[in-house]
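My entries follow in the order I looked things up.

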Amino acid sequence: MKTKANHAVAICAAMVLGVAFASGRVAHAAGVTVSIACGSEGGTSYDLCVKASNQWAQKAGNQVRFITTPASSSERLALYQQWMAAQADIDVLMTDVFYPGVLEKGLVDLRPHFKEEESAFFPAYLKIDMLDGKLLAMPWFAAVGVMYYRKDLLQKYHLEPPQTWAELEKDAESVQTEERAAGNPNFWGYMWQGKAYEGLTCNAVEWLASYGAGSIVALDGKVTVDNPRAVAALTMAKSWVGKISPRGVLSSEEPQTLQVFYAGNALFLRSWPYVWSVAQAPDSPLAGKVGIIPIPKGPGTDGAHAGTIGGWSLAVSKYGKHREAAIDLVKYLTSSEVQRMRFLEGALMPTRMALYEDPSVLAKEPAMKIFYDAILSASPRPSAQTGAKYNRVSSVLYTGLHQMLLGESGPQATVASIAAKLDELSDKGKDW
Ligand code: GLC
């Protein structure tokens, strides 16, 4: 794909080369070196970022420098904040759905550069990256919380995939007992992310939404987390620890939970779409043995399937030295061609809507439909209503919940203390 900006960069590169030749220096660097923090969502996400960025570099006559970042979204944001404070020369940043509100001041408005393409993207994701009319990042891949299960094991014990949490708990407990008795003492019913970080917030948003317990902070800013359904949802989650989930979930992010599932030591795993490509890879011990279902419902008529909305975008830092080339790289990485490749090779969900109807994609990967449906009924984190303070909201939430899961406090006291802290942070929900 040759774009105008590519041409511009190529012309600049030619000019630089001319000077280099004239001054007698060795002209091996054709263009500029753009730096990108691709991050890794797990699976093949990082490798596919490197692959596509290098393709761009070759086409544009530039080079790309890859900067490694922590796997945890919370730690990665903290690092980006340090970079911004130091005005570090880094051009492109992979940003989580809640970063734009926090990093606003350091990001370039991409709207003028994507005017013609904007309408091809998921409106919900554009909204996530839009602040005060500025498009602070381009949606790169979508994600939603889903439940993976061992199809072969449910069949072995004549069980149907669960619809509700109560059914999941029952299956997890009975299969765990059977599999341990059959000679696997390390087998667990259910793996999820319980470390004190953003991933725990994502799990908790699902617990609460699936119980009809609201979204922690309502759209009008009011703190709503202290309610009986939230207490019921947290009581359930707390009861899993040590029973159907190892205590190790309390220090696990996505990669550690996947490890246990991949090794054949768990019946259920809550995670994101990319896990599908890892589980289904030809060399995977789980190939052909895994199914996907929506996050289970809570009890009663208020119960609903509710996966948390996740996903990542690409932003251009104001402090990078190669803004034009950086924007061009973002254009290439978010192109239809690259998004198709990333979905087929890494189950990274496109943010361009047309790909969800592309027969060549659907035929190769039927799971696309399951993920798409889950995205349509997904629950957002309370980032729109809490803006620049979301980061602190999430930290209050995951810190409080983690203490509760460790057994240091009960569910009712936990929601009361989280609510009090959030009220304090926002002048009782009036000042976010
Ligand atoms: C996944 C999601 C992201 C979320 C993170 C939490 O990477 O795409 O939105 O914040 O997991 O661990």
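**Domains.** I take the domain bounds from an automatic or database domain assignment. The model is a predicted one. I find the protein divided into domain 1 (4-136 + 310-376) and domain 2 (146-308 + 383-426). I looked up the spacing next. The centres of domain 1 and domain 2, taken over C-alpha atoms, are 30 Å apart.

**Where the domains touch.** How many residues does the contact take from domain 1 and from domain 2? I get 24 residues from domain 1 and 24 residues from domain 2. I then followed the domain 1 side. Helix 3 (73-85), helix 4 (99-103) and helix 16 (367-376) each give at least two residues to the side that touches domain 2. Helix 16 has the largest share of that side, with four residues. I sorted the side of domain 1 that touches domain 2 by class: 12 nonpolar, 10 polar and two charged residues.

**The ligand.** I count 13 residues around the ligand. The closest are S73, A143, E198, G199 and G310. Helix 9 (198-210) supplies at least two residues of this shell, and strand 11 (309-316) also supplies at least two. Which domains does the shell draw on? I find at least three residues from each of domain 1 and domain 2. By class, I note five nonpolar, four polar and four charged residues in the shell.

**The core.** The largest nonpolar core holds 125 residues. I looked for the members that touch the most other members, and I list Y148, Y190, M191, L208, F268 and L329. Helix 18 (residues 390-406) gives the core its largest share, eight residues. Domain 1 and domain 2 each put at least three residues into this core. Leaving aside neighbours within four places in sequence, I see L208 in contact with A213, G214, I216, A230 and A233.

Most residues other than glycine have a negative phi. I noted two residues with a positive one. Phi of Q87 is near 50°, and phi of D132 is near 45°. Q87 sits in the loop between helix 3 and strand 3 (92-96). D132 sits in the loop between strand 4 (130-131) and strand 5 (134-135). Is Q87 buried or exposed? I call Q87 exposed because it has 12 C-beta neighbours inside 10 Å, and the cut-off for exposed is 12 or fewer. D132 has 7 other C-beta atoms within 10 Å, so I call D132 exposed as well.

Methods. Residues numbered from 1 in each chain as written. Predicted model: local features only at pLDDT ≥ 70, side-chain atom pairs only at ≥ 80, totals over all residues. Core = buried A, V, L, I, M, F, W, Y, C linked by C-beta atoms within 7 Å. Buried ≥ 20, exposed ≤ 12 C-beta atoms within 10 Å, placed from the backbone. Contact = placed C-beta atoms within 7 Å. Near = placed C-beta within 6 Å. Nonpolar A, V, L, I, M, F, W, Y, C, P; charged D, E, K, R; others polar.
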